[in-house]
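Thanks for making the time this morning. I would like to walk you through one chain, so please bring the sequence and the structure up on your screens before I go on.

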Amino acid sequence: MADTLEFNEIYQEVKGSMNDGRLRLSRQGVIFKNSKTGKVDNIQASELAEGVWRRVALGHGLKLLTKNGHVYKYDGFRESEFDKLSDFFKAHYCLELAEKDLCVKGWNWGTVRFGGQLLSFDIGEQPVFEIPLSNVSQCTTGKNEVTLEFHQNDDAEVSLMEVRFYVPPTQEDGVDPVEAFAQNVLSKADVIQATGDAICIFRELQCLTPRGRYDIRIYPTFLHLHGKTFDYKIPYTTVLRLFLLPHKDQRQMFFVISLDPPIKQGQTRYHFLILLFSKDEDISLTLNMNEEEVEKRFEGRLTKNMSGSLYEMVSRVMKALVNRKITVPGNFQGHSGAQCITCSYKASSGLLYPLERGFIYVHKPPVHIRFDEISFVNFARGTTTTRSFDFEIETKQGTQYTFSSIEREEYGKLFDFVNAKKLNIKNRGLKEGMKQSYDEYADSDEDQHDAYLERMKEEGKIREENANDSSDGSGEETDSSFNPGEEDDDVAEEFDSNASASSSSGDGDSDRDDKKPAKKAKIVKDRKPRKKQPESKKGKDPNAPKRPMSAYMLWLNASREKIKSDHPGISITDLSKKAGELWKAMSKEKKEEWDRKAEDARRDYEKAMKEYSVGSKADSHKGERSKKKKKKQEKQVKGKGDKKGATSKSSSSKSPAKGMSDSFKSKEFVSSDESSSAESKKEDSEDEGAASPPPSSEDSASGSD
């Protein structure tokens, strides 16, 4: 027969709730490890007094009774495992595993039996229900009635809070049965009563959770927090772990007490009690016990008179009373030399401490994650900037914790720590070594396929190609590109000594034109092409070829109906996510097939675009010629009208007006766009020849006058 038996997914009944974990039976005893809290219950083989096998709601269960009266219940066994357990108990524990069924008659009267820490309500020889007396928070009596109140269970949606027993009025040996019932309950119940004086008191300690300043009174069996608004009583049996953590500023200390079950304030549950101390604060402490009692109870761990830093005194007293080790940070040292990392969790900034067996985040909300419950960790790039990264932890239960805004300098230290602890790193393939620089990591591809990003990249390429094609066909009306570097150079030229010489043209009609500053010419140069910008920005042509789709979009259009049929009622958002997962999981060969289809579609698009651009160029040149012809006709009509309405006054002033117009056109204006000005001069000369007739006799007569 095997020396050990192990069972996974076993549930332990604790205070009315079922906690899952692993049960291990060996020659030395029974060990159960809670998967949620990591708490270990160890029952020595010599302490076992009785074992009971019975049918329960989750299959079959095992109830173990110890010689000191404690009861342990484990559910989740299969019926076929009874023989294996029975033989193991006989061989190693010398116990007979008895089978007892619960009574299901539904009667509400019977006999109450007290056995150790258990109250059993029986009908005949069969138990109906059992109540662990450690769950009782209060017991009150009335006329022929006893009321039991229970601790609230935070892990259950519905919990039993009260049970009332009716006790028939019988007198036996002058003992009141109601009082006898109540005394049996109170002798084993977990009723917190502040009897006697406190061992010591710490005044006005700063608490971060629950927030405020509290007086902490230390009693032999529990801790009493007394504040201005709320009071809390914390039994030492509910303390799970103790942590002493240095603040990053090296001037303060955190003392963290992990609680299970947590303390309650209304609907709020506090799983951690966090105290903040200053290293400079000292205290002299005297215990409210004589030296013999101190020596007998604490065995040298505490003395009657002690002095030192306040945080040292509190942690030393708590360690002696709770009888648990204090966890401190291990070998980890961050970039700044501190033993913690500054980060954010759920929009609140705090400190993440890598410990020897887990991580703890302080303080809002406090989080403690053990290494044995971590499935994998992930290093992700920051969402807002590349100067930081995110550290993600996913547990075996599927819970994910994301610690964001971690400085990039901490990446190497944290990666080395995680790698040394042999934790699974999800994106290890992106980092081929521990000493790889963060810049390479920051530019790596993301783990999840982003269909929207891929589509935007594809459309951006096509949009750029369209812009190049349209620029080839727009002729002289192309927009000037915006180059920040070149603009700075142009601005510098305005204040250069030879700026006017470089910007002026070579014809030089007058000295007045030469004296004009080059800055004015620059303004005219910049404004003229911008007036033509709206002409070049045309609306989308409905006859233009449609842009080709990417390989992913082609596959998505072909597979959309199949995904809908496989997942009826799926939303559009969930469909996109599911499609991304399927595309990511697709083999390389299948992706290459869709890549070829996308490449064929792109070639067809380029061919159609070339044909479309040739046609659009011809149309644009034809339109320009028609505009010029129309403009010439309008000038001819205008010239004939001026001839008919001309008077002697207008005729005499014609020559000066022309001179003014010539002088108004400075050489800066001519140099800004030589091609356009040259063309306009040619047109003006043609217009003058067509629209200005030879001077008549009337004109000559008026001129002589």
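Predicted model: local features only at pLDDT ≥ 70, side-chain atom pairs only at ≥ 80, totals over all residues.

E204 is partly exposed, with a relative accessible area of 45%, and you will find E204 in strand 15.

Eight strands form an open sheet, in the order 18-17-16-15-21-20-19-24, and the pairing is mixed. Strand 18 (231-235) and strand 24 (326-327) stand at the edges, each with a single partner strand, and therefore one side of each has no neighbour in the sheet. As a reminder, strands of a sheet pair through backbone hydrogen bonds, either parallel or antiparallel. Within this sheet, strand 20 (residues 252-265) and strand 21 (residues 268-278) run antiparallel and are joined by 10 bridges, and M253 stands opposite F277 in strand 21.

Which helix lies across strand 15? That is helix 4 (residues 310-322), which runs at about 100 degrees to strand 15 and also lies across other strands, including strand 16 (212-218), strand 17 (222-226) and strand 19 (239-246).

One joins T209 and P210, with omega at about -10 degrees, and P210 lies in the loop between strand 15 and strand 16. Another joins D260 and P261, with omega at about 0 degrees, and here P261 lies in strand 20. While we are on backbone geometry, N144 also has a positive phi, of about 60 degrees, although it is not a glycine, and the place of N144 is in the loop between strand 12 (136-142) and strand 13 (145-150).

Now please move to D122, which lies in strand 10 (residues 118-123). Is D122 buried or exposed? With a relative accessible area of 7%, D122 counts as buried, because the cut-off for that class is under 20%. The side chain of D122 is joined to that of S120 by a polar contact of 2.6 Å, and, leaving aside residues up to four places away in sequence, D122 touches G110, T111, R113, P127 and V128. Strand 10 runs antiparallel to strand 11 (residues 126-132), with six bridges between them, and one of the pairs to look at is F121, whose bridge partner in strand 11 is F129. The two strands form a hairpin with two residues between them, and G124 in the turn has a positive phi of about 70 degrees.

The next topic is charge pairing. Side chains of opposite charge can pair when their charged atoms come close. How many salt bridges are there? The count comes to 17, and I will show you a few of them. R602 forms a salt bridge with E599, the closest N and O atoms being 2.7 Å apart. Because R602 and E599 are three residues apart in helix 15 (residues 588-644), about one helical turn separates them. R602 is partly exposed at 27% relative accessible area, and E599 is partly exposed at 28%.

The side chains of R164 and E162 also meet in a salt bridge, at 3.1 Å from N to O; R164 counts as exposed at 53% relative accessibility, whereas E162 counts as partly exposed at 38%. E96 forms a salt bridge with K90, where the closest N and O atoms are 3.7 Å apart; E96 is exposed at 53%, and K90 is partly exposed at 42%. Finally, K33, R370, D372 and E373 are linked in a network of salt bridges.

Let me end with the chain as a whole. There are 20 helices and 31 strands in the chain, and buried residues make up 34% of its 705 residues. Of the contacts with a separation of 6 or more, 48% are between residues 24 or more positions apart. The accessible surface comes to about 43900 Å², and 48% of that surface belongs to carbon and sulfur atoms.

Note on methods:
Residues numbered from 1 in each chain as written. Heavy atoms only, no water. Helix = DSSP H or I, 4+ residues; strand = E, 2+ residues; numbered from the N terminus. Buried < 20%, exposed > 50% of the residue type's maximum accessible area, 1.4 Å probe, protein only. Polar contact = N/O pair within 3.5 Å; in protein donor to acceptor, adjacent residues only side chain to side chain. Contact = heavy atoms within 4.5 Å. Pairing = 2+ DSSP bridges. Areas by Shrake-Rupley, 256 points an atom, 1.4 Å probe, with all protein chains shown as cover. Salt bridge = Lys/Arg side-chain N within 4 Å of Asp/Glu carboxyl O. Axes fitted to C-alpha atoms, helices over the stretch in contact; angles between N-to-C directions.
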